Amino acid sequence: MEANGTESESEYGKSILGEASLHSPTLLRISFSTPRSLSTKRSSAIRAFMDASVASSPKDLPVGLDAKTEEDYASLSKLLQEFTSIPNIDKAWTFKSNTGTGSQAMFSISQANLLANKRRKYALSANISKGSGNSVSFQWSPFPVEMTGVSTIVPSPSGLKLLVVRNPENESPTRFEIWNQGQVEKEFNIPQSVHGSVFEGISWNSNETLVAYVAEEASPSKPTFNDSGYKKGGSGDNDCRSWKGQGEWEEDWGETYAGKRQPALFLIDTNSGQVHPVKGISKSLSIGQVIWAPSTHGLHQYLVFVGWSSNPRKLGIKYCYNRPCALYAVRAPIYASEANDLEVKESPNEDSPVLNLTQSISSAFFPSFSPDGRFLVFLSGSCSVDSGAHSATDSLHRIDWPVNGQLSSSKIIDVIPIVQSAEDGCFPGLYCSNFISNPWLSDGCTMIVSSAWGSSQVILSVNVLSGVVSRISPTDSNFSWNLLALDGDNIIAVSSSPVDVPQIKYGYLINKAAWDWSDVSSPIFRCSTEVNSLLSSRQFTILKIPVKDVSDCLTKGASKPFEAIFVSRQSKMNDVSDPLIVVLHGGPHSVSLSAFAKSYAFLSSLGYSLLIVNYRGSLGFGEEALQSLPGKVGSQDVNDVITAIDHVIDTGVASPSKIAVIGGSHGGFLTTHLIGQAPDKFVAAAARNPVCNLASMVGITDIPDWCYVETYGVEGKTKFTEAPSVEDLTLFHNKSPISHISKVKTPVIFVLGAQDLRVPLSNGLQYARALKERGVEVKILMFPNDVHAIERPQSDYEGYLNIAVWFNKRLTEKRTPIEARSRKLGAGARKRSFSIRAFMDAFVASSPQELPVRLDAKTEEDYASLSKLLQEFTSIPNIDKAWTFKSNTGTGSQAMFSISQANLLANKRRKYVVSANISKGSGNSVSFQWSPFPVEMTGVSTIVPSPSGLKLLVVRNPENESPCAIWNRRPFSNLVFDHRGSTGFGEEAFQSLLGNVGSQDVNDVIKAIDHVIDTGVASPFKIVVIGGPHGGFLTTHLIGQAPDKFVAAAARNPACNLASMVGITDIPDWCYVETYGVEGKTKFTEAPSVEDLSLFHNKSPISHISKRGIEVKILMFPNDEHPTERPQSDYESNLNIAVWFNKYCK
């Protein structure tokens, strides 16, 4: 589980989606990459943090803030902004100078834009000139140039062209721009009918006429409906008489990939803008990291890419290098240009299958060809795949590329094997975040890479023929070094530490084994005087922490000391140690590096010492130390942290009386474990998207396999199942922080992202509520649009500001606020305008006969025949309310009926009123004279007549989409069943069900079915069942307990797993009462025990799952709540259920 990889956190694996900050302390690995969010929708302004010079009335204080806390906000917020504004260098490239001497560099830079709540991107260029000896000079351009709306930039091999990609917002086209040194040469708009957003990992061919790239495949066809029902052949997007259904739900790759479509491979011609998909690649492969193979005259040219298999299903891929992947080669379609038109010269890929180049190894990614094209080098995460750990030690491999173009599954040659346990000071193994675009020295066989080496990042040279690895960044430096680009055989890098902002470095090879490094003066990392002053008073050291219980270690690597980075002031004040903040990375298989991290530098600058612990299981220390943790989470890692704390206390550099702890994801798991297992050690804690309850998380996370591997160890990989057993749930609970919650007394602040799919919001909320239940002080910040990393600028800023205030309140008895200095910011960068040539649309029309995804012709016929009938039922109105009044004529009375009817096209319910005069005749006869037409109540929320009936209150709420549900009968014989426990049959019958769910109600249904079979009104051979939500609980119970009784089933938002549901539902008490009966009301707790989880599991339908490979269809309506009652959703779901039942019953 990767920790919250915000830009300011020092953790391995910040983002698998795009290039990370290359001077950041976070090591990055990239799987197939997704475009960065470019939404221009302005998010809400940063919550009111009052300027320190402005007094505020207490009545104006933001909710939850008292006057003292507001003072802390005011004093700290400006300083945090100073740290937040420090830029990142994301990428860099070098080019030959157009003057023929020296070279040029271009840096892609990003900076937090708090007001817009996104990162501002810009480019800054420099001319590099070399003087006598090893002197170097960078002449920087006067100003950076902002790259508004740019997703990625990719220079061509010659450096004469620049591809700029602007991914679409909403349903807009993707824009490709080809730039030369002075202007835009070409601009192409690629519509959504061709493909969606472009992922990173883009490759020019050698003559710069084609670009290969990976993008979301075009939106699959969705079923179209109009007033006649299902519409064959689809409909235009602008047809106001119809609407698009959701169609069958398709799985994605989890965290940050929600809603992303399948990645597919494309080529674009840089002259015409014509786009062609590369065919012949299996739909089961998700594609990324494409590169061109070397071109050989007269031979076919190939594309090499990484493919991740989606079989048996897609699990979360971000931060997860345990997903099997391989390198594949596919023949590139060759095109010839005539009269500016592209023609396919040969039918591509029909007789040329996609070839797996790395069949003998379970993982292969980041392919890179040597400059002469003789061999293909790649990284492997096979240790991760084979062990199940989400990240582990890398290996480097080589394939000799055939010069004759005859590809086969080649022999894989090991270049850097796995290092199990290194001797002190020796190479600990490869932990490489990525390759730069050109990592090769001029000898053609030496690569330059960055890699973790213990708690630091270093720069390595690797001879891919001999396998010799050399550390070329200074060996006497504890700083972290990160490679940016090569300038010929020289290196441009950045170096930083926890107390030193990044510094650009230029490296020369002065002999065969030694490198000399020069400082490069740069305008990029200039900080305020205040920040420089505060950082200059701090220092850091890397501590070696002996393992406490060496006898428990099963391997040599696990018994070696682990490391911690200790940040403190350079000299004690009055011989008193500063309060200590313990910082814990996530993963657990990531690493905190000795690099600059803005948020932690901010906390340090407030007068705190930091203890940043790389417990055993972290990257950078050899494979044996890493693999010692799976199966021991919650014990070994917790003990390592406590050992590190005791070490700094025993050496006299920290006080035991004022210690706080902070961590995210698995770091939050450790944080909440520590305050439970060592409740007297900490005075404050902060947890960002923490893992608090594995038993609850396993059913809702995008990586349930992680729960098994970290709980059971390597055997968890084979034990993993989507249906955990009672034994699994028991062990998950015992490994979780929530099992220690009764001992916690430390005040905790929680920072949660509502869109987190990795550790969903409910996991932290359940733990926080359980603490509140026990009287522990808790504060919760919830950011509605953030995912696991909580890295949107406003969220990151507000989160750490609140954490600082939280710690200040509890770690310092009386703290003098740091005065916020007002500082005039320099003028913004000059705006430049360019004359843009007229763009060309590369529009490819979709075939109107294309069927919606996963619809065959027979199923489409069912859609067409049933959809109109279902509309007839759906259109039946409801009488919602009625009133009667005295007639204004004095005789008889009047009635008014409030009626609603589904409006499928508008996806809401149409409301109207119809009136009638009621007259009574002789006897008991009565007559209603109806008004000629109903009157629609557009926008009306409710109507309330006055007592006299002479006035009518009409309320119009702001428009929303909250229609009422309609359940329609289906074209089958129906057995609509009210089991004991239903309302309307007396209290004793009603109460009889509590504590007997999953048995009494199931048996009642089976008896009712048998009754209608025995009486001859139903056949036993074609029975289907439908229900939701407790009806879905019964439906899924029935097909498990009576598996031979039903030929098909439909479940709407069913309760399938109470053990998982109890931690995420808004009514956890319901789980207790229905499971235990009336005593469940008193047993209810926010922290279920092992006994609770066991009984919840045994009462749940999931306890009856044994057979696998069952046919399943999933419809997911993104804007519906529990009832699934929006008219279009209700309509489409009932239609699909009818088609589903028809398939199995007729």
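How much accessible surface does the chain have, and what share of it belongs to carbon and sulfur atoms? In this predicted model, the accessible surface comes to about 49200 Å², and 52% of that area belongs to carbon and sulfur atoms. Of the chain's 1146 residues, 57% count as buried, while the secondary structure comprises 23 helices and 52 strands. Among contacts between residues at least 6 apart in sequence, 64% join residues that are at least 24 apart.

One residue can be followed in detail. D756 sits in the loop that runs between β41 (748-753) and α13 (761-773). Because its relative accessible area is 3%, which is under the 20% cut-off, D756 counts as buried. Leaving aside residues up to four places away in sequence, D756 touches E255, N689, L761, D786, V787 and H788. Two of the distances that involve D756 are set out below.

| Pair | Atoms compared | Distance |
|---|---|---|
| D756 and H788 | C-alpha to C-alpha | 4.5 Å |
| D756 and R758 | polar side-chain atom of D756 to backbone nitrogen of R758 | 2.8 Å |

Elsewhere in the chain, an open sheet is formed by 3 strands in the order β14-β13-β15, with antiparallel pairing. Since β14 (229-230) and β15 (242-244) each have a single partner strand, they stand at the edges, and one side of each is left without a neighbour in the sheet. Strand β13 (residues 224-226) is joined to β15 by 3 bridges, the two running antiparallel, and T224 stands opposite K244 in β15.

Definitions and conventions. Residues numbered from 1 in each chain as written. Predicted model: local features only at pLDDT ≥ 70, side-chain atom pairs only at ≥ 80, totals over all residues. Heavy atoms only, no water. Helix = DSSP H or I, 4+ residues; strand = E, 2+ residues; numbered from the N terminus. Buried < 20%, exposed > 50% of the residue type's maximum accessible area, 1.4 Å probe, protein only. Contact = heavy atoms within 4.5 Å. Polar contact = N/O pair within 3.5 Å; in protein donor to acceptor, adjacent residues only side chain to side chain. Pairing = 2+ DSSP bridges. Areas by Shrake-Rupley, 256 points an atom, 1.4 Å probe, with all protein chains shown as cover.
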